[in-house]
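Good morning, and thank you for coming.

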Amino acid sequence: MNNIKIYLVKPSDRFKDKIMDFRAEFIQNNEVAYGTERLYDMNSIEEWLTKVKNNENKETVESGRPPSYEFMAIRKEDEKLIGMINVRYDLTEEMLMYLGHIGYCVRKSERRKGYAAEMLRLALIEAKKIGLNRVLLTVDSDKFASIATMKKNGAVLENEIPYNNKITQRYWIEL
């Protein structure tokens, strides 16, 4: 993974155009951008940035959701927004069972290049910084690329459970 040159940064006004371009690619491809604090549903970029910031703290997090940190994966060579990754803590019971500590996506034009595995590796460092000793990752059992990404980062399968008419696999990574 050493040849993958990206860094994680929190969303900010500085990246407005890149965020909008990223969002547009998902909409154009009729895809949901997972791990983005529902970027696809935003009314305005300013509202979304405020929500991302508010969701970092237990006192200001959106009702019913665990606090989380949103990160953008930026490619070093051209500053392109490659993907987004969300690190959650103090999970709700449902999230602990079905959704896990980390959600992420890579834009379609940049998939199958190793970015997801590097994003996850960098997010695990952030998870450790906020005090997590292990993280839960979940995935639909037919998402083979995501499973490979998680295993590259040391994920170990705990079990499989039915969720939303699919089989969800639950993996843990020790930090």
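Predicted model: local features only at pLDDT ≥ 70, side-chain atom pairs only at ≥ 80, totals over all residues.

**Strands, cores and salt bridges**

Let me start with one helix: E118 and R121 are three residues apart in helix α4, and therefore about one helical turn separates them. Their side chains meet in a salt bridge, at 2.8 Å from N to O. By salt bridge I mean a side-chain nitrogen of Lys or Arg within 4 Å of a carboxyl oxygen of Asp or Glu. E118 counts as buried, at 5% relative accessibility, whereas R121, at 34%, counts as partly exposed. Here buried means under 20% relative accessible area, exposed means over 50%, and partly exposed lies in between, with a 1.4 Å probe and protein chains only.

Residues are numbered from 1 along each chain as its sequence is written, and side-chain values use heavy atoms, with hydrogens and water left out.

I turn now to the strands. Helices (H or I, at least four residues) and strands (E, at least two) are DSSP runs, numbered from the N terminus. Strands of a sheet pair through backbone hydrogen bonds, either parallel or antiparallel. In this work, two strands pair if DSSP finds at least two bridges between them.

In which order do the four strands of the open sheet stand? The order is β1-β2-β3-β4, with antiparallel pairing. β1 (6-9) and β4 (102-106) each have a single partner strand, so one side of each is left without a neighbour in the sheet. On average, neighbouring strands of this sheet are turned by 20° against each other, direction ignored. Such angles run from 0 to 180 degrees between N-to-C directions, and the axes are lines fitted to C-alpha atoms, for helices over the stretch in contact.

Consider β3 in this sheet. Seven bridges pair β2 with β3 in the antiparallel sense, and five bridges join β3 (residues 81-88) to β4, again antiparallel. N86 in β3 is the bridge partner of E70, and N86 also has G103 in β4 as a bridge partner. M84 has its bridge partner in β4 too, namely C105. β3 is mostly covered, as eight of its eight residues are buried. β2 and β3 form a hairpin with five residues between them, and E79 in the turn has a positive phi of about 60°. Helix α1 (residues 16-28) lies across β2 (68-75), β3 and β4, and runs at about 90° to β3.

There is also an open sheet of three strands, in the order β5-β7-β6, with antiparallel pairing. Its edge strands, β5 (134-140) and β6 (156-163), each pair on one side only. From one strand to the next, the twist averages 25°. Seven bridges join β6 to the antiparallel strand β7 (residues 166-174), and P162 stands opposite I167 in β7.

What lies in the interior? A nonpolar core is a set of buried Ala, Val, Leu, Ile, Met, Phe, Trp, Tyr and Cys residues joined through side-chain atoms within 4.5 Å. The largest such core has 30 residues, and I6, I85, I102, L120 and M150 have the most contacts inside it. The largest share, eight residues, comes from α4. Which residues does M150 touch, not counting those up to four places away in sequence? They are Y104, L120, L137, V139, A155, Y171 and I173, where contact means heavy atoms within 4.5 Å. A second, separate core of 16 residues includes F26, W48, V52 and M84.

Finally, I return to charged side chains. Side chains of opposite charge can pair when their charged atoms come close. A search of the whole structure finds 21 salt bridges. One of them joins E31 to R111, with the closest N and O atoms 2.7 Å apart. This pair links distant parts of the chain: E31 is in the loop between α1 and α2 (45-54), R111 is in the loop between β4 and α4, and they are 80 residues apart. E31 is partly exposed at 23%, and R111 is partly exposed at 33%. The side chains of E56 and K53 also meet in a salt bridge, at 3.4 Å from N to O, and E56 is buried, at 6%. A network of salt bridges links R75, D78, K80, E110 and K113.
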